[in-house]
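Colleague: Hello! I am new to this one; could you show it to me and take a few questions?
Modeller: Gladly, here it is.

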Amino acid sequence: MRLLCETPNLSRRTVLMTGGALFAWAYLPRFARAADNRDPRLIVIVLRGALDGLSTVGPVGDPDYAGLHGDIALSLSGATPALPLDGFFAVNPAMPVFARLFKAGQAAVVHAAATGYRDRSHFDGQDVLESGLPGPGNATTGWLNRAIASLPAGDRIARAGGLAVGPSTPLVIRGAAPVLGWAPQALPTPGDALAERVLDLYNHRDPVLAAALQKGLDADRMAMGDQLDGKTMKPKGGLDNAAGMRQSAQGAARLMAADDGPRIAALAFDGWDTHVNEGGATGRLANLLGGLDGAFDEFEKGLGERWKDTAIVAITEFGRTARINGTVGTDHGTGTVVLLAGGAIKGGRIIADWPGLKPTQLYQQRDLAPTSDVRGVLKGLLADQFGLSAAVLGDKVFPESAAVKPMRDLVA
Amino acid sequence: MAAPVSNSLAPDPALVALNRFGLGAKPDSDLGKIAKDARNYLKAELKQQDIALVSVDERTNAGLLDSTAAIEASMAAAMERKTARDEKAAAAAMQPAAMDKPADPAPSKADANASPNAKAKPAVQPVEADIYRAEAQARFDKALGADAGFVERLVGFWSNHFCVSVAKGQIVRASAGAFEREAIRPFVLGRFADMLLAVEHHPAMLFYLDNQQSIGPDSRAGKRRGRGLNENLAREIMELHTLGVGSGYSQTDVTSFAGMLTGWTMAGREGRLGEPGTFVFNANAHQPGQAVLLGKTYPDGGMGQAEAALNDIAGQPATAQHIATKLARHFIADDPPPAAVARLARVFAKTDGDLRALAVTLIDMPETWSTPLAKLRSPFDYVMALRRAIAASAGNEPQRTLHWLMALGQPLWEPPGPNGFPDSTDAWASAEGMKTRLDIAWQAARQANDIGNPNQMLASLIGPSVSDETRAAISRAESKQQGLALLLMAPEFQRR
């Protein structure tokens, strides 16, 4: 506490912080930044179903790539050429926004990345990815929620809580820290009177439902603010199609742009399990990637001047086989990509210790071998954006992961 | 003995029977009578002849198609759509040439007029959507008409366990309802292995998990066309349908099983392999030779090879444990008592997967009657309970109910992945979910015609164990509609 109180540019908030002395050092970088008016935001997009990293950011310069990925390999030539990022990698042409951000130094790729999970079950893989635990199990809280819970109680970020987008709360942001839920809706709204009465009943009889309903009502009011044209918010389907992805990002950006809005959000997009007719530069995967690209676009537009302090990270439970399967798709694999975007990202870079694609270089002779740990990327973002220490990250946020070092300098 | 008890002790047996096991009370349910003999009330439902089946003799269901007819209709519609697209493309290609002849002074204006007309063309509902709605209506009617609804809950449980998703494509949209009627309903009080075999043979499942495209690399078709395995179905059978994840099978087992399942496919539109839309075994695509699965060698036996493996897997202890855990989680609690899981697993093993015996075991075990009613109803169970409570349903059905389910995050036969919809309170008690329940309760209460006294509805739907707070909130409501909406939102109505 004493050390903190001597930090220059101390805000009143800091003084209100209680019981945080043990962790005090963890927050120094953030407070040091208070001087430059930074107001960092972090958006986590979970791509459920296992994203084919080799069709998202293709190693077009690797001599073995085209042979393995066959008809769906990205290429710099042809009718729909991939968009070159550097001399070796090119991004799927369905992602022009990401390519533009990359060129502007506001997007980056971590390639050949994976969590610590090495089996190929979606549901266990998603559990590990979202819980941040070393292995699958009965996880009930997510690493992003524990990160929020690790911030000082009076902190602006902790106070605003997290934002969960979609009809159900993604595991990654479930837990003790408060979470606001929101999804695009189009149902007639009951009057406040009924809502107040139900809340009153829940407060007496069912605090869990009371908390959930209160958050739902709050989120609805914020997102449906009067500047909003109601028609644009009609649901266009679940979060497994391009329109739904774009729309959910639009609403989330609106909530997060508010001065008292949440600084941390989680979205889950479904549909990446491309076993059959995956497509390459066009087709099923490209359509989904176009939706993800649209989400980046909506966040950039909707966050306005907050964009410069924003980091978005898109993660998936594991990658897919390097070689296409018998049905012009890919089966469950290992290494894949992590996509980073946002004004806060030190972009224009592909961060990869490229393992190569020769049979002996593939993981179990079938998958892109993982050379970066997804947790390292996430830790780096949490450290740079919110000043969480390696100790807190390695113990509380990602338990038993002290050996996985935060990836440094992801944030400009 | 079964006098209503305070909710601080064991729950009211009538609410256990109707809510934990069933789909909720109806206005004419006699809670007092049910409470006196709740176990036999549930067992009586199990004994009704053909209780799990959707009768297509009934007037309202006469239009339901079997999966073969449904898939054939979808294939024909797909051809028609393709022809229409081709014709449109051809017409578009012709247009510039046609417009050259009369030297049109303002072609851009003509274009501007043409495009809104093209958009205004009446949209023809695809036949698959019609079939889906008819099947949805039949599913809802069955749930609304059931007495306690225990059997319909079992249908929902197994349909979610062996789920397909209509988001996969029009073939599944057309056949998802028929799949449930053909592969799930006949077996919910039968043998697990029989259901497993019916499910994995069904075109909807083979299509959903991509097996119709999986080809043995060494089969004739594989050699000729250079195509190969797709492991999706093999993996999900072991991980989700039977043994459960982490139960000891390896990647080698998955690959081997995928090979055994090659050739399990659906006959295509041209009918080369059999009647279009039916299951066929295509020997030309089957990976020849013996195969090893979970340490056991299966000789080359064509379709019988994978059938033998499925029968073996169905009887594995890991399968018994997996099914027992899921059933206990569904019917008792998110963290079910280990003794209850163990008992269900023992019954599964001892009876060779007799699902009627498992249902009776659930009724007989003390844990189902003593555990507090704490699970949040899933969206489907909630919407059905709501519609059962408000007997008369005006409005645009089944679209209204389908829309509600979509808004609540549980669109019918459209789970996010092959593991189905979640089965935990955490997943459904979300901020957004509860807000949407409030919207729906309000909408339903406003649309209900002829609402009785909400206090009397409370007495007949929830009964004497209701909390003082709920009773007071409803009696103080400012309108009948508001009182009914409060009842539909009460913890006693949300939890089961």
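**A sheet and an interface**

Modeller: In this predicted model, chain A has an open sheet of 3 strands in the order β2-β4-β3, with antiparallel pairing.

Colleague: Which are the edge strands of that sheet in chain A?
Modeller: An edge strand pairs on one side only. In chain A, this is how residues 57-58 and residues 83-84 pair, so the edge strands are β2 and β3.

Colleague: What is the bridge partner of A:G58 in β4(A)?
Modeller: β2(A) and β4(A), the latter made of residues 90-91, pair in the antiparallel sense over 2 bridges. For A:G58, the partner in β4(A) is A:A90.

Colleague: Moving to chain B, how much of it counts as buried?
Modeller: Chain B has 26 helices and 4 strands, and its C-alpha atoms fill a box of roughly 80 × 75 × 40 Å along the principal axes. A residue is buried if 20 or more other C-beta atoms lie within 10 Å of its own. Of the 496 residues of chain B, the buried share is 52%.

Colleague: Which helix gives the largest share of the side of chain B that touches chain A?
Modeller: On that side, 48 residues of chain B are in contact with 47 residues of chain A. Several helices of chain B supply at least two residues each, including α12 (232-241), α22 (431-447) and α25 (480-489). The largest share, 11 residues, comes from α22(B).

Colleague: How many residues on that side of chain B are nonpolar?
Modeller: By class, the side of chain B that touches chain A also has 17 polar and 10 charged residues. Its nonpolar residues number 21.

Definitions and conventions: Residues numbered from 1 in each chain as written. Chains lettered and ligands numbered in written order. Predicted model: local features only at pLDDT ≥ 70, side-chain atom pairs only at ≥ 80, totals over all residues. Buried ≥ 20, exposed ≤ 12 C-beta atoms within 10 Å, placed from the backbone. Contact = placed C-beta atoms within 7 Å. Nonpolar A, V, L, I, M, F, W, Y, C, P; charged D, E, K, R; others polar.
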